[in-house]
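This report describes selected local features of one protein chain.

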Amino acid sequence: MAVRHIANRLATATALAALPAALNAQALPAPVAPAEAPAADVAGAGGSDIVVTARRREERLQDVPIAVTAVSAAALDSRGLDSVTQVSQIAPNLQFTPGQGGNSGGVSAFIRGVGENDFIITSDPAVALYIDGVYVARSFGATTELLGVDRIEVLRGPQGSLFGKNTIGGAISVTSSIPGQTARMQADLRYGSYNTVRARALVETPLSETLSFGLTALGEFGEGWQKVPSGKNLGNRNVLAGRATLHYDNEGFDAVLAVDGLRRRQNSAAHSLIAFEPSFFSGLQSTFLGPCCTANTRIDRTDTTASLNRDDTDAFNATLTLSADLGGVTLKSISGYRYVDAAFGRDGDASSRVNYAGDFHDEGARQLSQELQLSTDLGDRGQILVGAYAFRERTRDDTRLVVADGLYPALIAAGFDPALATALDFNIDFRNRQTTTNYALFGNATYDLTDALTVELGGRYTYEKKRFAQAAQRIYSNQPLLFGLPSYTLKEDWNAFTPRASLSYKFAPAILGYASWSRGFRSGGFNGRPTAVEEIGSYDPEKLTAYELGLKTAFGRIATINLAVFRNDYTDQQLLISTVSPTTGLLVVRNENAGKSRIQGVELEGNVRVTPAFSLVGSLGYLDAKYLRYTSVINGVPTDVSGRVPKQAPDLTGSLSGVIQTPLSERVNGTFRVDAAYRSEVFVDVENSPFLRAPDNVILNASAEFALPANGLSLRFAVDNLTDKQVLAAGYDARSSFGFVEGFYTQPRRYSVTLAIRR
């Protein structure tokens, strides 16, 4: 049966991989000999030739006075990167945290120590994800693994005068390829560790002189790497996705319509019970229900209750981008609709025999966004862009919290007073609803004061309004969680003006220096997890002032070296903390505002073509981050915790890649590469729990790719995480209430072989 199952997956994947050839057989030009590949990914990781749209127009990366890491499609292919989260192996001071709560689809980024990894609907990302210019509020349904990604740009620092939705820490922009008048086809088929099969296919073809069409599809299936003896392994893959694009281009009018969809049916994301200390609640569990609990002895082994072992997502997204040349003025419209429906769970006690701790989430989100841009050139001296933005999102979250499941009826059977039993019933159904409305006006202008000196000024006014409603019911006692308050509704609104200014100077045609100052803003929100009436309420917006000096240099085709020095002054930073309610004694997970913090550092990116066949590409990031003023309420007592180290802010991050490209025969070329990514010791939680401190680590990947005699065909052998180093990436410490500490780790060593065709 297992062999048949794997065979069926291979058949499905092979069919997907063969799709482009079937659809595009008539449209492709005659085969030609492959051109010699450029050395390494010089143009892909900060090279002088890569074109970016960081300032909403096409420019050479080296001419943009902004700290940007840009990864081209060629670099993504060469490294074998599967998704946007793996760009952290390249960009300095960039961290991604895995999905929590059992969800594997979330994209939670930290740039320069600024970020947010909470998936609850009341929390907004501090680093925004954009796909083809559309802000993605909930990344559960984002499809970033398809073929046809033209480039990924990582913009560091506050964004707002150019991007549709304001973001305080930075932006990750994914740009898809747009079909044109040249037909092309790509496909690849990969088989790897844990019986993972992935097939991807892309076809682009012209339909007429003004109309072209593109289609891309993905299917991935595989067993999970975290073994579950009683059921289905965690961390598996079962994904189908696709995108269709229609492009019309005629006499100054350009229109791109893209629709994509995703269907994910997986087991829960891998997670581990890494420590356990008996607590009051675990004592009740052990006395009245069953023994609890035992920490995992191995990262790749756990157990789970079947009802919580689920990670499902359905998503549909549509984007319409219109651009019209009105004679000296360009008008651009970006309309976006995104729909996502996700159901996922986690079993925190790592046991199939007891239900001591866990949760299950049924999440849904609908967002509409509209952006208008009007841009014009100031002769040959500069450019002005003005824009307006509107965004509306409706979200729902139906969560079932599991704490000592069945304790209430057990206490009643033992003769306990119903009022006391009710107070100890923390199996709860939450019904959360939130509506967010955001309006903004923004503008940006550049002007060349001299042939070498350029000034840039920008600003944004943002107004945001939120409405949040919650009802929480104890499941067994059928009583409201908050005594006398079965439901409530909160409303708040915030506004801010966030300016930006920069000066850049061309010391030489290939040497650019710049200095910038900007402010960022993230609106406030609501505590979505109150366990007592006094915990109901909102938290304040956070503000960040950023200073940056940068130098971008290029030495022909030999080397590119970019340097940035920055400082962020953070006010009212929003922090997700875990503490204990003085009223209920239950774990409280809430957002609060830190008074003041400071983050400063240095970033260095470079690539060197040592010889025509050998290239080095690397980056180095240094962070000096600390809270300057921060008082938190811990166990009901105001406590000065200014000495804590911000989460996900390692002192050092770095990467280094060595690539050799050489002909192996007259008809076969070989590319051999080793990629190393380093991260120094870091805390993954605000509380700086000793159990949630990830040590220094280096992740090594290696690959060998062979361009075969058949035109456009290649075979790639790869091993990711060569030394099998699994690193703690996220987690939380609930010892003071439930007694356990939970952690989320990176994946183990994985082997793969990929057959690809590109024509």
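## Charge, backbone and contacts

Arg 467 has a relative accessibility of 41% and therefore counts as partly exposed. The model under discussion is predicted. Arg 467 is located in strand β22, and together with Arg 392, Arg 394, Lys 465 and Lys 491 forms a positive surface patch. Two strands, β20 (382-403) and β22 (453-474), each contribute at least two residues to this positive patch.

Strand β22 also contains Ala 472. In contrast to the partly exposed Arg 467, Ala 472 is buried, because its relative accessibility of 6% falls under the 20% cut-off. The C-alpha atom of Ala 472 is separated by 9.4 Å from that of Pro 530, and the two residues are 58 positions apart along the chain.

### Backbone geometry

Most residues other than glycine have a negative phi, and most peptide bonds are trans.

Which kind of peptide bond joins Cys 292 and Cys 293? The bond is cis, with omega at about 0 degrees. A disulfide also links Cys 292 to Cys 293, with an S to S distance of 1.5 Å. The disulfide count comes to one. Both cysteines are buried. Cys 293 belongs to the loop between α3 (280-288) and β17 (311-325).

The loop between α3 and β17 holds Thr 305 as well. Thr 305 is buried because its relative accessibility is 13%, under the 20% limit. The C-alpha atoms of Thr 305 and Asp 349 are 9.3 Å from each other, and 44 residues separate the two along the chain.

The other two sites are residues with positive phi. Gln 648, which is not a glycine, has a phi near 55 degrees. Gln 648 lies in the loop between β32 (637-640) and β33 (652-663), and its relative accessibility of 1% places it among buried residues. Asn 721, likewise not a glycine, has a positive phi of about 60 degrees. Asn 721 occupies the loop between β38 (713-720) and β39 (728-734). Is Asn 721 buried or exposed? Asn 721 is buried, since its relative accessible area is 3%.

### Salt bridges

Side chains of opposite charge can pair when their charged atoms come close. The structure holds 41 salt bridges. Three of them are listed below.

| Asp 63 | Lys 506 | 2.9 Å |

The side chains of Asp 63 and Lys 506 meet in a salt bridge. Why does this pair tie together parts that are 443 residues apart in sequence? Asp 63 is situated in the loop between β2 (59-60) and β3 (68-72), whereas Lys 506 is in strand β23 (residues 487-508), so the contact ties together parts of the chain that are 443 residues apart in sequence. Asp 63 has a relative accessible area of 25% and is therefore partly exposed. Lys 506 is also partly exposed, with a relative accessible area of 28%.

Asp 118 counts as buried because its relative accessibility is 10%, whereas Arg 529, with a relative accessible area of 23%, is partly exposed.

Conventions:
Residues numbered from 1 in each chain as written. Predicted model: local features only at pLDDT ≥ 70, side-chain atom pairs only at ≥ 80, totals over all residues. Heavy atoms only, no water. Patch = residues over 30% accessible without salt bridge, like charges linked within 9 Å, V, L, I, M, F, W, Y side chains within 5 Å. Areas by Shrake-Rupley, 256 points an atom, 1.4 Å probe, with all protein chains shown as cover. Salt bridge = Lys/Arg side-chain N within 4 Å of Asp/Glu carboxyl O. Lys, Arg positive; Asp, Glu negative; His and termini not counted. Charge placed at Lys NZ, Arg CZ, Asp CG, Glu CD. Helix = DSSP H or I, 4+ residues; strand = E, 2+ residues; numbered from the N terminus. Buried < 20%, exposed > 50% of the residue type's maximum accessible area, 1.4 Å probe, protein only. Disulfide = S-S within 2.5 Å.
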